[in-house]
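Please give a short report on this structure.

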Amino acid sequence: MLARAAQSTRLPLAACPDSVLARDLRAAVDLPLFVNSQMDGYAVRSAAVAEASPDAPARLRVVGAVHAGDGPGPGVDDDEACKIMTGAPVPEGADCVVPVEDTSPDPDDDSAVLVRAPRARGEFVRSPGDDVRTGDVVIPAGVQLRARHLAAAASLGESALDVRPRPRVGVVATGSELVAPGRPLGPGQIWESNSLTLTAALKACGCEVTATLTSGDDRDEFTAALDSAVSDADLVVTVGAVSMGDAEVVRQVLEGRDGARFAPIAMQPGGPQGMSTWRDTPVVCLPGNPVSALVSFVVLLRPVILEAVGRSPVQPVRARLSRDVTSPAGKVQFLRAALGPDSGAGIPVAEPVSGPGSHLVASMARADVLVEIPADVTSLAAGTEVEAIPL
Ligand SMILES: Nc1nc2c(c(=O)[nH]1)N[C@H]1C(S)=C(S)[C@@H](COP(=O)(O)OP(=O)(O)OC[C@H]3O[C@@H](n4cnc5c(N)ncnc54)[C@H](O)[C@@H]3O)O[C@H]1N2
Ligand code: MOO
């Protein structure tokens with residue numbers, strides 16, 4: 001996945017938002033493209049209006065009008081003005097624009113205008129190179145493309161950009177108890193959330209999610225889902241069925257394969273983890289408890305994906321605990337917390353939103369961060385400064 005993502009692909013501009021630019025974008029033209037007006041008004045020679053004032057306006061003959069999209073208008077001489085709209089090319093001979101507010105019609109002459117204020121050479125005139133010059137680097141490689149970058153690229157006439165390819169990821173959630181949200185539940189059933197959570201989280205860090213599937217705890221159904229997920233993916237993420245029960249279909253199907261590893265790791269939530277391959281495609285197997293699934297993604301998978309797509313890592317923040325907390329010995333705990341206003345110490349307060357249970361999925365909605373409590377720490381007092389990973 002890392003190797004493929006380091007290459008580049010050309011995407012039309014409309015498909016570029018959030019992608020990472022693979023090569024510097026240099027200006028192929030100057031911007032602005034030509035000398036044009038910054039105001040609706042009159043293009044004149046600055047010398048012709050140098051003495052103009054409300055009491056002694058300059059009277060100029062109007063030789064024509066130019067609108068945005070017109071070719072160059074008529075030339076402007078010393079005693080002349082050309083009506084001009086914002087974005088229209090400034091006529092030959094004119095060197096400034098007088099905004100229409102500083103002019104009035106000549107009551108004695110339909111074909112003349114009275115200019116009531118002086119304007120210096122170049123005023124309200126936009127010239128090529130004011131913005132960028134041909135050859136300038138406008139967007140350096142590595143930048144994640146936002147609206148402002150598309151504005152620059154489109155204005156330079158680029159219709160497509162070279163970006164890092166998005167990793168294609170398939171998601172498979174397992175569990176015979178799972179029912180799509182909105183559908184009626186039978187006894188013992190629950191609404192499915194992990195496939196949606198992971199799909200959203202993968203997209204948010206730049207992946208193209210090519211399949212979002214669910215499967216019961218049945219070997220054939222799960223292998224069919226895997227076949228389908230790998231058919232158009234660089235990576236498959238499964239969720240659920242990796243622990244110690246007797247219906248752990250993910251573990252049963254994938255554990256025995258070459259290079260597979262299934263083992264609990266010393267973190268909570270997110271203890272049981274696995275990885276394997278299916279038809280040469282890597283498969284990462286996250287635990288099924290909804291909090292464990294998202295925490296595992298944020299702590300273990302997101303950093304790798306961000307590197308693959310060329311985005312910066314999510315930086316941890318410092319915060320102070322709002323209350324005393326405890327943590328299991330020998331495991332790194334990731335406590336879900338909401339960030340509150342500055343405590344006066346220059347850093348925000350982290351308010352735990354729930355206990356440690358990895359089924360507490362609704363409470364997690366209130367969390368902004370995961371407070372990381374090291375494995376050798378079993379309690380922390382209110383006010384302790386901690387490191388927290390933004391969700
Ligand atoms: N004897 C042991 N039991 C468990 C251990 C252990 O070490 N020994 N570890 C526990 C931990 S920690 C976790 S986390 C879970 C992980 O188990 P699985 O990955 O096998 O997950 P499931 O059993 O499939 O599901 C756990 C839980 O989450 C619900 N779930 C699963 N998938 C979804 C989904 N897509 N949407 C919503 N909810 C889902 C499922 O109904 C279960 O309640 O194992 C512990 N057990
Ligand atoms: O991943 Mo489990 O949640 O450690 O409770």
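## Domain 3 against domain 4

The centres of domain 3 and domain 4 are 26 Å apart, taken over C-alpha atoms. This is a predicted model. On the domain 3 side, 13 residues take part in the contact; on the domain 4 side, 15 residues do. At least two residues of the domain 3 side come from β19 (267–268), and at least two from α7. Helix α7 gives the most, with seven residues.

What is the class make-up of the side of domain 3 that touches domain 4? It has nine nonpolar residues and four polar ones. No charged residue is found there.

## Domain layout

The domain assignment gives four entries, listed here with their bounds.

- Domain 1 covers 7–30 + 134–163.
- Domain 2 covers 36–126.
- Domain 3 covers 168–309.
- Domain 4 covers 317–390.

## Packing of α4 and α7

Helix α4 spans residues 194–204, and helix α7 spans residues 290–309. Their axes come within 10 Å and cross at roughly 20 degrees. Angles under 35 degrees count as roughly parallel, so α4 and α7 are roughly parallel to each other. The crossing of the two helices is right-handed.

Which residues make the contact? Helix α4 brings N194, T197, L198 and A201. Helix α7 brings P290, A293, L294 and F297. Six residues of this contact are nonpolar and two are polar. None is charged.

## Around ligand 1

The shell around ligand 1 holds 26 residues. Which of them come nearest? They are N194, G240, S243, P287 and G288. N194 also belongs to the α4 side of the contact with α7.

Both helices of that pair reach this shell: α4 and α7 each supply at least two residues. By class, the shell has 11 nonpolar, 12 polar and three charged residues.

## Around ligand 2

Ligand 2 has its own set of neighbours: Q268, P269, G270, G271, P287, N289, S292 and S358. Q268 lies in the range of β19 (267–268). P287 is also among the residues that come nearest to ligand 1.

How does the shell around ligand 2 divide by class? Two residues are nonpolar and six are polar. No charged residue is present in this shell, whereas the shell around ligand 1 has three.

Note on methods. Residues are numbered from 1 along each chain as its sequence is written. Chains are lettered from A and ligands numbered from 1 in the order in which they are written. This is a predicted model: local features need pLDDT of at least 70, side-chain atom pairs count only at pLDDT 80 or more; totals for chains, interfaces and linings use all residues. Axes are lines fitted to C-alpha atoms, for helices over the stretch in contact, and angles run from 0 to 180 degrees between N-to-C directions. Helices (H or I, at least four residues) and strands (E, at least two) are DSSP runs, numbered from the N terminus. Angles under 35 degrees count as roughly parallel, over 145 as roughly antiparallel, 65 to 115 as roughly perpendicular and the rest as oblique. A crossing is left-handed if the near helix is turned anticlockwise from the far one by less than a right angle, and right-handed if clockwise. Two residues are in contact if their C-beta atoms, placed from the backbone, lie within 7 Å. Ala, Val, Leu, Ile, Met, Phe, Trp, Tyr, Cys and Pro count as nonpolar, Asp, Glu, Lys and Arg as charged, and the others, Gly among them, as polar. Domain bounds come from an automatic or database domain assignment. A residue is near a molecule or strand if its C-beta atom, placed from the backbone, lies within 6 Å of it.
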